[in-house]
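Here are a few exercises to work through with the structure open beside you. Try each task before you read its solution.

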Amino acid sequence: MMVVSDYEVRRRAPGTALQGGVGGADAAVVVELAVYGLVAAFLFFQLAHPPRFHRPVPALTALWAFGVVLVFTVLYAIYPTLAAARGVQLLMTCGLAHAIAVRADRSQLHWLAHAYVVLVTASVLFGLAVPYPRTEQQANRFTWLYVHPVMAATYLGLSVVLLLAILLRNRHRAPAPRWPT
């Protein structure tokens, strides 16, 4: 989901994404919406079950509160269609994060963390090998493809934290993916 949302291989004029209409839905936008639709279908058909009361988990409660509050920004957004689309994407992301938190076992979480670190590391190496042109606002800031530098830094920062946690974790616990340190 993060790859189709943030890894941009083309650059549009700043107003193009906000105009909507015929020029707003190019192939990249359609692919992005299709991926989110597939995630929504997966969540619905594989993980949906009748509501049962469970003791609320504070982190999941905060996740859903954050998501719902941000969806309400549609009511006063300058571009309500774009805000609604991003709000729906955020709720799907919250649903996937909730499903992972509730259903994934320890080894699956380890594999997810490793896959994330590999993806970001490959992205950084690609950014070093193939530097894309920068805009005035991006001058002297590292990124890859046309990923916004703030998102690139967020992904890189989280990857570094995960990598340190993987390297420093207690190795006497349950089995996890083993890579040479």
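The exercises below look at an aromatic pair, a residue's contacts and some helices.

This is a predicted model, in which local features need pLDDT of at least 70, side-chain atom pairs count only at pLDDT 80 or more, and totals for chains, interfaces and linings use all residues. Residues are numbered from 1 along each chain as its sequence is written, and side-chain values use heavy atoms, with hydrogens and water left out.

**Exercise 1.** Find the aromatic pair in the structure and describe its geometry.

Step 1. Pairing requires ring centres of Phe, Tyr or Trp (its six-membered ring) within 6.5 Å; planes under 30 degrees apart are stacked, over 60 edge-to-face, and the rest tilted. A search of the whole structure gives one pair.

Step 2. The partners are Tyr116 and Tyr155, with 6.5 Å between centres and 80 degrees between planes, hence edge-to-face.

Step 3. Tyr116 belongs to helix α6 (residues 106-129) and Tyr155 to helix α7 (residues 149-168), so the pair ties together parts 39 residues apart in sequence. Helices here are DSSP runs (H or I, at least four residues), numbered from the N terminus.

Step 4. Both Tyr116 and Tyr155 are buried, where buried means under 20% relative accessible area, exposed over 50%, and partly exposed in between (1.4 Å probe, protein chains only).

**Exercise 2.** Is Ser123 buried or exposed, and which residues does Ser123 touch?

Step 1. Ser123 sits in helix α6 and is buried, at a relative accessible area of 6%.

Step 2. Leaving out residues up to four places away in sequence, Ser123 touches Tyr7 and Trp144; contact means heavy atoms within 4.5 Å.

**Exercise 3.** Compare the span of helix α3 with its expected value, then sort its residues by burial.

Step 1. The expected span is 1.5 Å times one less than the number of residues.

Step 2. Buried in α3 are Val29, Glu32, Tyr36, Val39, Leu43 and Leu47. These residues cover an arc of only 90 degrees around the axis, so they lie on the same side of α3; the arc is taken from the directions from helix axis to C-beta atoms.

Step 3. Ala27, Leu38, Phe44, Phe45 and Gln46 are exposed on the other side of α3.

Step 4. The buried residues of α3 pack against α1 (2-6) and α5 (80-103).

Technical notes. Helices (H or I, at least four residues) and strands (E, at least two) are DSSP runs, numbered from the N terminus.
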